[in-house]
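Hi everyone, thanks for making time for this one. Have the sequence and the model open as I talk, and stop me whenever you like.

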Amino acid sequence: MGLRDIITGRHEVKGPAPDRLFAISTAYISLQSEHGIDPAGVAAIVFQALATSEFEATLREMEEVVKATGGESGTTVSTQDDSYGYRWMVLRNPESSSSVEDLAVGINAVASSIETAGHGERLLCAVFAFTQRAPTAGGAGGGPVYFIYNYKRGFWYPFVPLARSPGGAAGAAEASRDGQRATERELQLKAQMSSELPIEPELERWFPLWGIPI
Amino acid sequence: MAKRRSSFGKDTGLQARMVMTMFLLGLVYVVFVGVLFAAGAAAGVIVVVALVLLLLQLFGSDKIAMATMGVKEVSPAQEPELHGIIERLCVQADLPKPRVCVIETSMPNACAMGKSQKSATVCATRGILDLLEPSELEGVMAHELTHVINRDVMVMTLASFFATLASMIAQFALFFGGGFGGGYGRSNEEEEEIMLVLLVSVLVYAISFLLLRALSRYREFAADRGSAVLTGRPSALASALLKISGTMERVPTQDLRRAEGMSAFFILPARTKKSLMNIFADHPPLEQRLAALERLESQLQSAA
């Protein structure tokens, strides 16, 4: 933001950064083989849905496209709004074969059709869900691990919500509401993955997403 | 940035008025500084004092304001919804997360403080948290974050520097030069000089006061627009403004009096009386703000 923008008080929302979404489609291999983190077969893209007929039409078209391309691999699409008014488009692999590549392709299709329609600045983030296989020192054993892709910055960061009551057998979605996050585990993941994923360098931008519906 | 389609049109008129106001302000200040230097030595001391005051204001004003207003920082665990809204807007605006504070008062309002993006603070009152729906609260918070993005506190503090200086000089000159048995060992020429500086200072203060108020109103329009651009929901902010203004009249006066000093930071000024003339107001009238938001909404709807 230049001096001129400060003086005129003008501010436009940034469009997406150069795309590094597909880094996940190779990084998951080492997550799985070396770090005991399995893909959960679900990913979502989060964006602000403009309340205009034109935007709704774009969304409908896009859902058709994703359904069509996902048809071969069996990927399903569902849409929901969260309590903050953001829209989640959730892509789910079939039980039999989970493929991070397919999910990344689907997410990218959604993102690029929003961008082509001229609303690239409405994209917030993409979320890929993983599951921690074995209990770790960080205490996140068996819990969900999310990798969040920030569209504005083109960086990834890990998000590991902690169950609120450690002994409780609450469901994952229940436990991840407004709780604590396993910062230690996230920092470990940063160190482990930084050669393969472009990780957000500024820790204060590792924004949590509570109540992730996937 | 490359030309890309945007959901909203440009608002060159507002920017032109803002730049014009700043230009006039600068012009007044240049004349003022010229007169000060022409008047000679003693003015130098005042400039130094004013500079120190300016630095104090830049680095301390938010702390002082926060201390007097009973502002409390809240953690994500205490206010998950407010934090959630602000975090998402920060991602959207590519902004580091500011400190999030709550003021325990029933008056619905919100404000942003801090001289830079890194050290910013956004506050919401308990009243506004209770009153507004999430989407409306998001619009209000986006308005405050736009103040942070536009560095409005910094701009307004710097813009008002010479106005502050002029008012100080006017007071100084009254004290030491004017009435109170002044004139010991002073020639007529010195007397005249002091009177001239006094006159110019008063004049500079009066003009810059009006210009500053105009500038503040333009920054508010810019922040409304920024909020609409950030959230993509101009009507949510309009609805929030309507709700806030509807309840502003019913609030206890004691709170208002305490809040009066902060009104430049607030989303709606904390006042019960209607102001005499719009040129003295630091916030634009509600009708104009609503009209501007309505224009944005229709731009959005017809952007097919």
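On naming, residues are numbered from 1 along each chain as its sequence is written, and chains are lettered from A and ligands numbered from 1 in the order in which they are written.

How does confidence look over chain B as a whole? The mean pLDDT of chain B is 76, and 75% of its residues reach 70 or more. Helix α10 of chain B, residues 253-259, has the lowest confidence there with a mean of 49, whereas helix α5 of chain B, residues 134-149, has the highest at 92. Residues 178-183 of chain B also have a pLDDT below 50, and that stretch makes 7 contacts beyond near neighbours in sequence. Where pLDDT is low, the predicted coordinates should not be read in detail. For the complex, the predictor gives an ipTM of 0.73 and a pTM of 0.76.

Now the fold of chain B. It has 11 helices and 4 strands; here helices (H or I, at least four residues) and strands (E, at least two) are DSSP runs, numbered from the N terminus. Of the 304 residues of chain B, 41% count as buried, which is to say that 20 or more other C-beta atoms lie within 10 Å of the residue's own, with 12 or fewer for exposed, partly exposed in between, and C-beta atoms placed from the backbone. Of the contacts in chain B with a separation of 6 or more, 74% come from residues 24 or more positions apart.

The strands of chain B form an open sheet of 4 with the order β1-β2-β4-β3 and mixed pairing; two strands pair if DSSP finds at least two bridges between them.

Next, helix packing around α8 of chain B. The axes of α5(B) and α8(B) come within 8 Å and cross at roughly 115°; axes are lines fitted to C-alpha atoms, for helices over the stretch in contact, and angles run from 0 to 180 degrees between N-to-C directions. The residues of this contact divide into 4 nonpolar, 7 polar and 2 charged, where Ala, Val, Leu, Ile, Met, Phe, Trp, Tyr, Cys and Pro count as nonpolar, Asp, Glu, Lys and Arg as charged, and the others, Gly among them, as polar.

α8 (residues 188-231) also packs against α11 (residues 286-301) of chain B, at an angle of about 35° and with the axes 10 Å apart. Here F221(B), D224(B), R225(B) and A228(B) of α8(B) meet R289(B), A292(B), L293(B) and L296(B) of α11(B). That contact has 5 nonpolar residues, no polar ones and 3 charged.

Over to chain A and strand β5, residues 144-150. Buried or exposed? All 7 of its 7 residues are buried. P144(A), Y146(A), I148(A) and N150(A) point one way from β5(A), and V145(A), F147(A) and Y149(A) the other way. β5(A) runs antiparallel to β4(A), with 7 bridges joining them, and Y146(A) is the bridge partner of A129(A). On to β6 of chain A, residues 155-159: 5 bridges join it to β5(A), again antiparallel, with I148(A) partnered by Y157(A). In the hairpin of these two strands, with 4 residues between them, G154(A) takes a positive phi near 70°.

Last, the interface. The contact takes 32 residues from chain A and 41 residues from chain B. On the side of chain A, α1 (3-8) and β4 (123-132) each supply at least two residues, and α1(A) gives the most, with 3. The residues of that side divide into 11 nonpolar, 11 polar and 10 charged.

Methods. This is a predicted model: local features need pLDDT of at least 70, side-chain atom pairs count only at pLDDT 80 or more; totals for chains, interfaces and linings use all residues. Two residues are in contact if their C-beta atoms, placed from the backbone, lie within 7 Å. pLDDT is the predictor's confidence in each residue, from 0 to 100.
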